[in-house]
Amino acid sequence: MASKVYEWLDSRLKLKTVERTLLDEPIPGGASWIYVFGSATLFLFLLQAITGMFLALYYAPTPDHAYDSVTFIENEIAFGPFVRGLHHWGASGMVVAIGLHMLQVFLYGAYKPPRELLWMVGVVLFLITLGFAFTGYLLPWDQNAYWATQIGINMVGTVPVIGDLAVRVLRGGETLGALTLSRFFAVHVLFLPATIAVLILLHLFILRCVGPAGPWRGGAERRKSGESEEPSYGLVERRLRISEPFYPRQVSMDAVVMLAIFACLSLLALTVSFPLTDKADPSDTTFVPIPEWYFLFYYQLLKYVHGPLEPLATWILPALFFLGLLFWPFLDRNPARHPAARPAALAAGTGFLLLVFVLLGISLRDLHAVPRTDPAVARGKALYVQFGCAGCHRIHGEGGAVGPDLSYVGDTRPDRDWHLRHFRDPQAVSPGSFMPKFPLTDRQIGDVTGYMLSLKRPT
Ligand code: HEC
């Protein structure tokens, strides 16, 4: 029955031809675990696309609702935290996979003629991925998202001539607000996916035109690059000369890696939480945002340059880096592919990686030293919202004026015990007070008190 259906479909759709085109691509030197990063990246992209579609079912791209809709996904939706976790860690995974893919291509000299276009489209794909990361970061509309994006946009503003225009295009208005959010959302879920889909197809199309590069010691390759006198490696040497179709061994290696990636991401999504910071508050200019880990090294670099040198880090170096990366196949004129015959390229690559990891290391150490907001304070703040304290109290201009202004209550009433007693029974502490006695548990009273004590004048 199944074979009948297949035959019928094949007679209409020429399935066998399609199958052959898809699966019989010869891999010079045979299948290898080192070639899995491209398909790993593709898999992660598809995972991002699918989890993103599900998140979009609930997400609302407006300043009034974005934060709440993400909180809703986290707290109320079945599998919500899991899907959001997959999307969050998947983004990191995609950056890692692309990095490894590029490293492999770099190390193998696989960007060299005739594969220059393949590399260049790859670099653009990498840039688009960073575009996804940048636009996606704003969407939860929490303090971190808001202020990290603010920094990113300010950096774009330092580019001469086009900077102002670019900032206006990015922001959509005079300040970072509703227009920015809907714009980032549209770019994140419509413009970038459409662009990346076309470029992925182009990347694969070019790959099929030029064929995979294979190992650096193929016989033909050696002759072409003029490395004639090399020791013979016997068996290995013979294996390198043959090629093997994409199916079944490379396909199964790719599949194993995809499964492993999915398992790792699921584990991360289920076990490591990444709580939102407070809802974005455009007036709180003291907030210091922390970017995603893969931007940390760059964030650290920014700390070292000030004053007239600033443009160097905000746009000159990044622009030079990406231009260099894009045109790398034309800058590196050495025809050899074996790493031992390319000391300059390897030194450049290693130097760059060293710089990145040293900066990342310093930045992680610094971050570790910064005191993080106490989770009890965050819970207390949530209770403050939940019990409608703002109906009577004002904090930084928001809320009613029935009760005392609490903006700096941590300074005026620093006594923890006083608050505990006051919340348990306001009238016992302030006779005649009409502050209601809230049905709070001891732990909740502790949390609200923690929040009250944290409300201090900036020092
Ligand atoms: C119906 C209005 C009302 C609500 C709702 C209310 N309060 Fe009050 N609150 C008052 C009044 C009136 C006072 C001043 C009298 C007193 O100290 O009890 C006060 C005093 C306080 C004080 C002492 C401030 C100071 O400087 O002496 C704190 C702290 C406080 N409230 C926190 C809260 C928190 C937290 C909530 C929400 C869980 C809350 N209040 C809800 C009316 C309210």
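Because the model is predicted, local features need pLDDT of at least 70 and side-chain atom pairs count only at pLDDT 80 or more, while totals for chains, interfaces and linings use all residues. Residues are numbered from 1 along each chain as its sequence is written, and side-chain values use heavy atoms, with hydrogens and water left out.

To begin with the overall architecture, the chain has 21 helices and four strands. Helices (H or I, at least four residues) and strands (E, at least two) are DSSP runs, numbered from the N terminus. The C-alpha trace spans about 95 × 70 × 40 Å along its principal axes. Of the 459 residues in the chain, 40% are buried. Here buried means under 20% relative accessible area, exposed means over 50%, and partly exposed covers the range in between (1.4 Å probe, protein chains only).

An oxygen atom of the ligand is 2.6 Å from an N or O atom in the side chain of Arg 413. The side chain of His 393 has an N or O atom 2.7 Å from a nitrogen atom of the ligand. For Ser 430, a side-chain N or O atom is 2.9 Å from an oxygen atom of the ligand.

Side chains of opposite charge can pair when their charged atoms come close. The structure holds 10 salt bridges, each being a side-chain nitrogen of Lys or Arg within 4 Å of a carboxyl oxygen of Asp or Glu. In one of them, Arg 208 pairs with Glu 25, the closest N and O atoms being 2.7 Å apart. Arg 208 lies in helix H9 (residues 178-210) and Glu 25 in the loop between helix H2 (15-23) and strand E1 (26-28), so the pair ties together parts that are 183 residues apart in sequence. Arg 208 is partly exposed at 36% relative accessible area, whereas Glu 25 is buried at 12%.

Another bridge joins Lys 112 to Asp 332, with the closest N and O atoms 3.1 Å apart. Lys 112 sits in the loop between H5 and H6 and Asp 332 in the loop between helix H15 (328-331) and H16, so this pair ties together parts that are 220 residues apart in sequence. Lys 112 is buried, with 5% relative accessibility, and Asp 332 is buried as well, with 13%. A further bridge links Arg 249 and Glu 244, whose closest N and O atoms are 2.9 Å apart. Arg 249 is partly exposed at 39%, while Glu 244 is buried at 15%. Finally, Arg 379, Arg 443 and Asp 447 are linked in a network of salt bridges.

Helix H5 (80-107) and helix H16 (343-369) each give two or more residues to the patch. Leu 103, found in H5, is partly exposed at 39% relative accessibility.

Most residues other than glycine have a negative phi, and most peptide bonds are trans. A cis peptide bond joins Pro 113 and Pro 114, with omega about 5 degrees; Pro 114 lies in the loop between H5 and helix H6 (116-138). The bond from Tyr 247 to Pro 248 is cis too, with omega near 5 degrees. Val 161 has a positive phi near 65 degrees and is exposed at 85%. His 396, with phi near 50 degrees, is exposed at 54%.

Note on methods. Polar contact = N/O pair within 3.5 Å; in protein donor to acceptor, adjacent residues only side chain to side chain.
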